[in-house]
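Please consult the sequence and the structure alongside the text.

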Amino acid sequence: MHAIKVIAISGSGRTGSTLLSLLLSQDANVFNLGQLRDLWLSYIRERSCTCGDLLPQCQVLGTVVRQVFGPDVESGLTGMTVNMRAFFKDAARMKHWGSPAALQKLANQHGGFLFKLREFLQALSELTGAYCFVDTSKTPEMALAFSLLEGVDVKVVNLARDPRAVAYSWYKKKSQFKAVIRYSRLWAKRQQVLSKWAHSRKDVMIQVRYEEFAARPEEWVGNILRWAVLPPPVGVFQSPNRAQISWENQHLFPPANESVLRERKTDVEIMPADAWLHSSSWLVRLLAILYTYPSGWKYIRG
């Protein structure tokens, strides 16, 4: 009987987290949670699962949700959303996450939320046979929640990308400068939180730069799996930068990367996306530098 493991991918959006989660979860023992923090509302809104069914009809996620939150599923998931947001808010108020006493107090205050989260993982493990879960929620508070679950071994991947590239990607999606400012501030805030947490829990965190991962994906996927004490992927990489991805056991849902979910590519060539370097959107890059300073500047110079 394996102990439950979680690989929590943290950081900002537009960093290749969905692709990384797919590569990490090709083994039958590893289940891809997607952005678990969004599951509760996505289920209520009957979003589509990549298995082909709507989430309430999904034979995996739908079954587990009903088992854990039934019989009044909508009420249970609404409560889970409220409790999760309350946990995130209280966690964000903490100056740092290195105090065992403060973390125990946080866990005691939010015991109901953490109990349901643990129950969900356990039920999912029993149904699928997987003992490791990959989460791409990206908010550090979700990773912290996993770390407070009894009997769960958590590894946090701080997946960071040049903030100018992140800003450019959000601008392409939103076409708004206020979105650039908002997500640049979020980039900086999360990197500050993860940096402070890493000082107290170096054993559970690794930083992966998007640029390095995209340039050498086979190497980095192997590194992460070895660090998490999981077997390397077999037959996934056809070359250092080309992978064959199976979607057979994937149950992902919006708002994860829309294009990845829509295309569901099986033969994927991976390389750094650098269109932002050649873009004329100099103002987007400047805003990213200004609103992520000093964390962003350190990342760029580093």
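## Salt bridges

A network of salt bridges links Arg-242, Asp-267 and Glu-269. The model is predicted: local features need pLDDT of at least 70, side-chain atom pairs count only at pLDDT 80 or more, and totals for chains, interfaces and linings use all residues. Residues are numbered from 1 along each chain as its sequence is written, and side-chain values use heavy atoms, with hydrogens and water left out.

Side chains of opposite charge can pair when their charged atoms come close. A salt bridge is taken here as a side-chain nitrogen of Lys or Arg within 4 Å of a carboxyl oxygen of Asp or Glu. The structure holds 10 salt bridges, and the table lists some of the pairs.

| Pair | N to O distance |
|---|---|
| Arg-201 and Asp-203 | 3.1 Å |
| Arg-216 and Glu-219 | 2.9 Å |
| Lys-265 and Glu-263 | 3.7 Å |

For solvent exposure, buried means under 20% relative accessible area, exposed over 50%, and partly exposed in between (1.4 Å probe, protein chains only). Arg-201 is partly exposed because its relative accessibility is 32%, and Asp-203 is partly exposed at 45%. Arg-216, at 35%, is partly exposed, and Glu-219 is partly exposed at 39%. Lys-265 has 47% relative accessibility and counts as partly exposed; Glu-263 is partly exposed at 45%.

## Helices and their crossing

Helices (H or I, at least four residues) and strands (E, at least two) are DSSP runs, numbered from the N terminus. Two packed helices are described by the angle between their axes and the distance between the axes. Helix H3 (residues 61–69) and helix H6 (residues 111–128) have axes that come within 9 Å and cross at roughly 135°. The axes are lines fitted to C-alpha atoms, for helices over the stretch in contact, with angles from 0 to 180 degrees between N-to-C directions. H3 and H6 are therefore oblique to each other, since angles under 35 degrees count as roughly parallel, over 145 as roughly antiparallel, 65 to 115 as roughly perpendicular and the rest as oblique.

Thr-128 belongs to helix H6 and is partly exposed, with a relative accessible area of 28%. From Thr-128 to Asp-267, the C-alpha distance is 25 Å and the separation in sequence is 139 residues.

## Backbone features

Most residues other than glycine have a negative phi, and most peptide bonds are trans. The bond from Gly-70 to Pro-71 is cis, with omega near 0°, and Pro-71 lies in the loop between H3 and helix H4 (73–93). The bond from Tyr-293 to Pro-294 is also cis, with omega near 5°; Pro-294 is located in the loop between H13 and helix H14 (295–301).

Val-229, which is not a glycine, has a positive phi near 60°. This residue sits in the loop between helix H11 (217–227) and strand E6 (237–239), and Val-229 is exposed at 60%. Arg-264 also has a positive phi, of about 45°, in the loop between helix H12 (258–263) and strand E8 (267–269).

## A nonpolar surface patch

Which helix supplies the largest share of the nonpolar patch? Helix H13 (residues 282–292) does, with 4 residues. The patch consists of Phe-177, Trp-282, Leu-283, Leu-286 and Leu-290, with about 490 Å² of accessible area together. Patches are made of residues with over 30% relative accessible area and no salt bridge, like charges being joined within 9 Å and nonpolar side chains (Val, Leu, Ile, Met, Phe, Trp, Tyr) within 5 Å. Accessible areas come from the Shrake-Rupley method with a 1.4 Å probe; for residues, only the protein chains shown count as cover.
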